[in-house]
Amino acid sequence: MRNTIIIILSLFSILIFNSCREDGDWGNDNAEQFGFTIERDNNFIEKAVGEINQLKFNVRPSYDFQTIKTSFKFTTNLNGTLKLNGELLTANQEYNFTTEKNIFEYVGNVSGIHELKIVVKNEKGATEEEVFSLPYSVSEFSHTYNGGTGSIYQGDETQYLMKIVPGSGQPSTGYQIKFDTYSGQVKLNGVAANLGTWYPINNIDSFTTSLKTNTAGQGKLSYSIKNSTLSKDYEIQQNIIAREVTIESMNFSPANISINTQITLTGIVKKSPINTNTTIQYKTWISSASNSNLNGIQNTNNTYTSYALGSNGSFLSTVNALVAGIYTYNIQVKDEYGNESEVKSFEIIVTAPIFFDDSIVKEGNVTFKVTYPFGGWKVFQQNFSRKFKLISGGSATIAAVKYELNYDVTTTTSSVHVTRTYNENIIQGTTVFEKNNDIWQTIGDQVAFISGGNLKISNLTMKISGTASTGDVVEITFTPTASIVAS
């Protein structure tokens, strides 16, 4: 009985061990697959009580951030407030991140080292903890501002309402501001300001700094404020959202294109967010061509050119088809900030106005009848057959088809050259004309009366010419076979 109990306990222990090991392995795999890191600020200068500390806090996931909910909560050891996107947050309350890139704003209300702890976790169980040490003290003056809490896009001017509060017994005049670094335009009270220049602050209770940049991503304004005895450094961090430009649609016409005709490109290009500037740039290029000619259709050679969009973002451009071939034609646009759309590609087939189908072997035969009456040879051309296929391209039609037969009738003592031409009766609007060894009767056409011996038909050629409604002509010459019937 005792041995039985030991065996059961041993098996139970093994099962528990294996279960824990499997759970642990799953957790590690999960953390690796759905883990994340935090990109953050680390060094903070001492602030006056009541001043803002901006804290860059970017979540760097190893997965698609939008597919898995990621949340955070915070605590602080001293009295202070924390905001995100203008929202005042409550300690120990869970909030969800809406974007990967974030800027927290912390204000310390008392002197001391504020230990701000932010704990982040996602639905898959991955967690990270970050601690910020933020020194605060009483100073000769404090500086605060409001603004910039909404979404900021490239080219948006964002205004910050600023204020300076002198400490007890400190002067309320003689303050100056200097803007040190910023990738864009800075204004003080609505007037453009130069970097590196001190400007007097006439009303410390209310003055504005406006910022505008075309550079997307995280950036900041570094600036300084001073009075007669103290100079302090500040910064405003921004997360500038890139604008978007998209080709919502792009088509070409006509569907059947022949050389020396125009192709019309029409489409809709959208800017997001919408702004009043309708100017874009576009470029076109050929990435592949069946004839290796990357200029067979007019294009900008992958170089941008300016264009003003029409109403509702309409786009219209015409190009000339120059050389027959099958092309991959591409178009891409960009906005005034340099943001590019995806490439729109389509296949364009350019044909000649009229051409022979090369998949059909051109051939023919001419039949002769030869008689030998008194005094010489009589040679008659009885018929000829032909095999070919003519096609018109684009909007052209086939207007005419002509045959020309050339040959020599020779004997040991004489020679006669013969030329005969024939015109097909073409129905108006014909786009394809094909003959499959059809016979054209020419019975009774005496082409020679010739004396001498050893009669021959030599240098026999057949030329087929096709004329398009555009006036373009295509022709081919080949050697048909000859059949001689004696009688």
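I looked up Lys-220 and found that, at 41% relative accessibility, Lys-220 counts as partly exposed. Buried means under 20% relative accessible area, exposed over 50%, and partly exposed in between, with a 1.4 Å probe and protein chains only. Glu-235 is also partly exposed, at 28% relative accessibility. The side chains of Lys-220 and Glu-235 meet in a salt bridge at 3.1 Å, N to O. A salt bridge here is a side-chain nitrogen of Lys or Arg within 4 Å of a carboxyl oxygen of Asp or Glu. Lys-220 lies in strand S19 (residues 217-226) and Glu-235 in strand S20 (residues 231-241), so this pair ties together parts that are 15 residues apart in sequence. Strands (E, at least two residues) and helices (H or I, at least four) are DSSP runs, numbered from the N terminus.

**What I am working with**

I noted that this is a predicted model, in which local features need pLDDT of at least 70 and side-chain atom pairs count only at pLDDT 80 or more, while totals for chains, interfaces and linings use all residues. Residues are numbered from 1 along each chain as its sequence is written, and side-chain values use heavy atoms, with hydrogens and water left out.

**Other salt bridges**

I searched the whole structure and got 14 salt bridges. One of them joins Glu-39 and Arg-60, whose closest N and O atoms are 2.5 Å apart. Glu-39 is in strand S1 (residues 36-40) and Arg-60 in strand S3 (residues 52-61), 21 residues apart.

Lys-187 and Glu-157 form another salt bridge, 3.2 Å from N to O. Lys-187 lies in strand S15 (residues 185-188) and Glu-157 in the loop between strand S12 (152-153) and strand S13 (158-166), so the pair ties together parts that are 30 residues apart in sequence.

I then went to strand S32 (residues 398-410), which pairs with strand S35 (residues 456-468) in the antiparallel sense over eleven bridges. Two strands pair if DSSP finds at least two bridges between them. Ala-400 stands opposite Thr-467 in S35. S35 also pairs with strand S36 (residues 473-478), antiparallel, over six bridges. There, Ser-465 has Glu-475 in S36 as its bridge partner. S35 and S36 form a hairpin with four residues between them, and Gly-471 in the turn has a positive phi of about 95°.

**The nonpolar core**

Which residues have the most contacts inside the largest nonpolar core? They are Val-379, Leu-390, Val-401, Tyr-407 and Val-409, in a core of 31 residues. Such a core is a set of buried Ala, Val, Leu, Ile, Met, Phe, Trp, Tyr and Cys residues joined through side-chain atoms within 4.5 Å. S32 gives the largest share of this core, six residues. I followed Val-401 and found that Val-401 touches residues including Phe-388, Leu-390, Tyr-422 and Ile-464, not counting residues up to four places away in sequence. Contact means heavy atoms within 4.5 Å.

**The whole protein**

I counted one helix and 37 strands. The radius of gyration is 43 Å, well over the 23 Å that the globule rule gives for 487 residues, so the protein is more spread out than a compact globule. That radius is taken over C-alpha atoms, and the rule is 2.2 Å times the number of residues to the power 0.38. The C-alpha trace spans about 145 × 95 × 35 Å along its principal axes. Buried residues make up 40% of the 487 residues.
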